[in-house]
Amino acid sequence: MKPVVFDYHAPATIDEAIAVLARYGGDAKVLAGGQSLMPLLNFRLSRPGALVDLNAIPSLAYIREHDGEVRFGAMTRQRTIEFSPVVRSRLPLLAEATALVGHLPIRTRGTIGGSIAHADPSAEYPAVLAALDGTVVVRGPRGERVLRSSELFRSYLTTSLGADEILVEVRLPVMPAGAGVAFEEFSRRHGDFALVGIAAIVVGNAQRCTMARLVSAGAGPVPIRMRAAEEMLERDGLSDASVDAAATRAGELVEPDSDIHASAAYRRNLTRVLTGRALRRARAIMGGR
Ligand SMILES: Cc1cc2nc3c(=O)[nH]c(=O)nc-3n(C[C@H](O)[C@H](O)[C@H](O)COP(=O)(O)OP(=O)(O)OC[C@H]3O[C@@H](n4cnc5c(N)ncnc54)[C@H](O)[C@@H]3O)c2cc1C
């Protein structure tokens, strides 16, 4: 199929892009890597009057360390993130999650800003944003806003971004030295979106877990931070028994829907199983990086 007719703009600056979006009063869409938007246009599930292509704005693609954070321009390609030495050493969870995003050609075009703005509940980057307690910087005609993941993600493919706003930067706090991390997911075929994914971070030692983060993807309309399961680990440590108990609790904390790909009960069970796997793997590498 072919998309409906649309106007095309390729502004050279962020301000110009915002001005064009504002001019269309909600009828224009931003084009980043096109890996989600182009299929939607081709199936005519999305019918914008105009596309505002961000690919001609060089200042939107960078990876920089700043003040305890790694900052990514929204147009930074997933493939660049996959091979970034800064990401490997400072944000190993993001490095691991990136390798699970689609296939190589998708990561070559797809961007970090596009993945987060698209807000697919099964996508890896929104879960990583929530697990690392990162923020996004959003710019529009009314100025700039900095949003945490709980303020950004609203529901399936829905964020609090205005139609005239652009996500310009993603900020992820550098992970504590010695943190153990793992991103575990299950999909039917290699490269498919996950049915469920689990991001896990643990900090501590054999006796004590000083920090645990557990976030599910695909087990509800938005990434879910499973705080009650994290608290169990921070209280009881990382023994096999506490990992199993936290994994069981994780399965109770999510409220997935059934769809053509999997039932709610199956997704709940996957959450339990994958949480256990992710925690065991994160525990095994804790302190060893
Ligand atoms: C076969 C296939 C498999 C895939 N598998 C996975 C997977 O396993 N995991 C995964 O996470 N993703 C997967 N993807 C999606 C891929 O990661 C996309 O790259 C990503 O979802 C969107 O990023 P993009 O840069 O291509 O954005 P686009 O497709 O260009 O845009 C997506 C949406 O976000 C909006 N948008 C984009 N950038 C901005 C911005 N800076 N500010 C405001 N709005 C913006 C657009 O208007 C559009 O609504 C898959 C895609 C395909 C085709």
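1. In this predicted model, an open sheet of four strands runs in the order β11-β12-β13-β14 with antiparallel pairing, where strands are DSSP runs of E with at least two residues and helices are runs of H or I with at least four, numbered from the N terminus. β11 (180-186) and β14 (224-225) stand at the edges, and each has a single partner strand, so one side of each is left without a neighbour in the sheet.

2. Within that sheet, β12 (residues 196-204) and β13 (residues 209-217) run antiparallel and are joined by eight bridges, and pairing here requires at least two DSSP bridges between two strands.

3. Helix α8 (residues 124-131) lies across β11, β12, β13 and β14 and runs at about 155° to β13. Helix α10 (residues 227-236) packs on the sheet as well, where α10 touches β13 and β14, and its direction makes about 155° with that of β13.

4. Another open sheet has three strands in the order β1-β3-β2, with parallel pairing. Its edges are β1 (7-9) and β2, each with a single partner strand, so that one side of each is left without a neighbour in the sheet. From one strand to the next, the twist averages 25°.

5. Strand β3 (residues 50-53) pairs with β1 in the parallel sense over three bridges, and H9 has V52 in β3 as its bridge partner. Helix α1 (residues 14-23) packs on this sheet and touches β1, β2 and β3, with a direction that makes about 170° with that of β3.

6. Strands β4 (residues 63-66) and β5 (residues 69-73) run antiparallel and are joined by four bridges, and I63 stands opposite F72 in β5. The hairpin that β4 and β5 form has two residues between the strands, and D67 there takes a positive phi near 55°.

7. Which residues are closest to the ligand? They are V30, G34, L37, T111 and E124, among 30 residues that surround the ligand, each having a heavy atom within 4 Å of it. By class, this shell has 15 nonpolar, 12 polar and three charged residues. The largest share, four residues, comes from α7, while β2 (28-31), α7 (112-118) and β10 (166-173) each supply at least two residues of the shell.

8. For Q78, an N or O atom of the side chain is 3.4 Å from a ligand oxygen atom. Taken alone the ligand exposes 960 Å², and the protein buries 88% of that, by the Shrake-Rupley method with a 1.4 Å probe.

9. Because the model is predicted, local features need pLDDT of at least 70 and side-chain atom pairs pLDDT 80 or more, whereas totals for chains, interfaces and linings use all residues. Residues are numbered from 1 along each chain as its sequence is written, and side-chain values use heavy atoms, leaving out hydrogens and water.

How values were computed:
A polar contact is a pair of N or O atoms within 3.5 Å; within protein, one must be able to donate a hydrogen and the other to accept it, and residues adjacent in sequence count only if both atoms are side-chain atoms. Ala, Val, Leu, Ile, Met, Phe, Trp, Tyr, Cys and Pro count as nonpolar, Asp, Glu, Lys and Arg as charged, and the others, Gly among them, as polar. Axes are lines fitted to C-alpha atoms, for helices over the stretch in contact, and angles run from 0 to 180 degrees between N-to-C directions. Contact means heavy atoms within 4.5 Å.
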